[in-house]
Structures are given as C-alpha cells and as structure tokens.
Amino acid sequence: MNYTRITNIKDPLFTQMHQLMQDIFPPEEVLEFDLWKEPLEDPDIRVFVSVKDGKVVGATEYRYYEDFNVAMTDFTIIGQAGMGIGSFLANKRQQDLNELSKKNGTELSGMFAEIYDPYKVESHKFGGVKPMDPFVRREVLSHLGYKRIDFTYVHPSWNNDGEEVTGLDLCFLPMNGKTEIKAELVKKFLERYYTVLPNKPQSWIKMINDLAGNDKLQLVAF
C-alpha cells in the first residue's frame, strides 16, 4: 500500500475518498465535497489515503498544533477488513507526527480523537465494514492507550446547521502516561478546531463555558 497525501479537491483520489466517507459515516459527519477545497489546501491539515492497485482503501485526516504540542485525529477510515489498513494508517500517521513534533523541537505530548459510543450509535452501519464498528474501534483504541475525557461531550454538526451531534466521546492519548488533562487545553483546542463552523448549538457553547470553570479533567478507561 502507498501512503499518499491529498492537497487538491481535483485529485481523483479525493473523489474516491469522499465516496468512501459517505459509505462509512452518517451524513452529518461528512463535509460537502466542495467545502473540502480550503481544508485540503491548508498546510496544517494533513489528509492521507492508503492506495492499493490504484484504489483508495483507507484514509486518515489529522493535524498537529505546534503551540499546544498535541495532535488531533479527525478520522480514520478502513474500507476493507483483513488488509491491515488500520495499523498501516496508524503507523504512518505516528511517524509523520513524530517528525512534525521533532521539527518543533519537542516530543508529541498527546493526541485527541472523537470516538463513537457504541451504546448510542447502534443504528449506524458504517458501511458494513467490521473494523469500523464502534465496539471494535473502541477496543482497538483502548489498546493503543486512548482514554475518555471525563465530561459530557457534544459537537456541532458538520452540516453547519447549528444542530448538535451526540453519541461520541472526546478522548485523548497521553504520551506521558498522565491520567488527567488540563480543562483549559481541552477548551482552547475545541474552540480552535471548530472555528470553521460558525453555527454552534447552545449545548456546545454551554459545554465550553463549563470547561472554563474546571481545572483538570480525568482521563478514564473505556
């Protein structure tokens, strides 16, 4: 497999990737095709696909925040089971992030990720691909060291319609083994991450305000 970066909406591989996203994710989690133009051209947003025999079989999007020294995995897509796509993407992503943090003169301190709560999203089929099943994904991510940040999490719909999306947890992979995270870091990260969506639900605004009133949040096992 090849690990190939996409930086242009006109790239034929992006057309394949976007279709794969639609096959796997619920509609409110998929940004419209044309709205991807700016994110793909943003040097800080890294979109890679795994390509085998000219076909996109997996994808991942992530970003590194130099001033926070943390990363965010926006999504990981495994298009087929039994090909080792998940481990391939995870290893390549980690190598890339290690290089980015090294250039920043430090070592990566951790990585955020949104993870579906399998007890709340039973209706989602995720393309019928078993590795994308929330129960399987949480188990895998748990083994990788991800922890759930102990607070009630909502996020704005990527439809930018002001609706809230629930059924996910915000999680964090601490590289230093810590069992807590600063609430201020979580707040600042979420404010920056969702700047692209101007229409925020009131529940999201309340969540951000509640974070401002906390010092630290616990990182707990799934």
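## The main core

Seven members of the largest nonpolar core, which has 48 residues, touch the most other members: Met17, Trp36, Phe112, Ile149, Phe151, Val186 and Leu190. A nonpolar core is a set of buried Ala, Val, Leu, Ile, Met, Phe, Trp, Tyr and Cys residues joined through side-chain atoms within 4.5 Å. Buried means under 20% relative accessible area (1.4 Å probe, protein chains only). At least two residues of this core come from each of H1, E2, E3, E4, strand E9 (168–174), helix H5 (183–193), helix H6 (202–212) and strand E11 (216–220). Helices (H or I, at least four residues) and strands (E, at least two) are DSSP runs, numbered from the N terminus.

Phe151 is in contact with Leu170, Val186, Leu190, Met207, Leu211 and Leu217, leaving aside neighbours within four places in sequence. Contact means heavy atoms within 4.5 Å. Another core, of 20 residues, lies apart from the largest one. Among its residues are Tyr64, Leu100, Leu108 and Met111.

## Basis of the model

This is a predicted model: local features need pLDDT of at least 70, side-chain atom pairs count only at pLDDT 80 or more, and totals for chains, interfaces and linings use all residues. Residues are numbered from 1 along each chain as its sequence is written, and side-chain values use heavy atoms, with hydrogens and water left out.

## Helix H1

Helix H1 covers residues 12–24. Asp11 caps the N-terminal end: one of its side-chain oxygens lies 2.9 Å from the backbone nitrogen of Leu13.

Which residues of H1 are buried? They are Leu13, Phe14, Met17, His18, Leu20, Met21 and Ile24. They sit on the same side of H1, because they cover an arc of only 160° around the axis (directions from the helix axis to the C-beta atoms). Their cover includes strand E1 (2–5), helix H2 (37–41), strand E2 (45–52), strand E3 (55–65) and strand E4 (70–78).

## His18

His18 lies in H1. Its relative accessible area is 6%, so His18 is buried. Not counting residues up to four places away in sequence, His18 touches Val30, Leu31, Glu32, Phe33 and Trp36.

## The whole chain

The protein chain has six helices and 11 strands. Of its 222 residues, 48% count as buried. Along its principal axes the C-alpha trace spans about 50 × 40 × 35 Å. Among contacts with a separation of 6 or more, 70% join residues 24 or more positions apart.

Terms used. The expected span of a helix is 1.5 Å times one less than its number of residues. Buried means under 20% relative accessible area, exposed over 50%, partly exposed in between (1.4 Å probe, protein chains only). A polar contact is a pair of N or O atoms within 3.5 Å; within protein, one must be able to donate a hydrogen and the other to accept it, and residues adjacent in sequence count only if both atoms are side-chain atoms.
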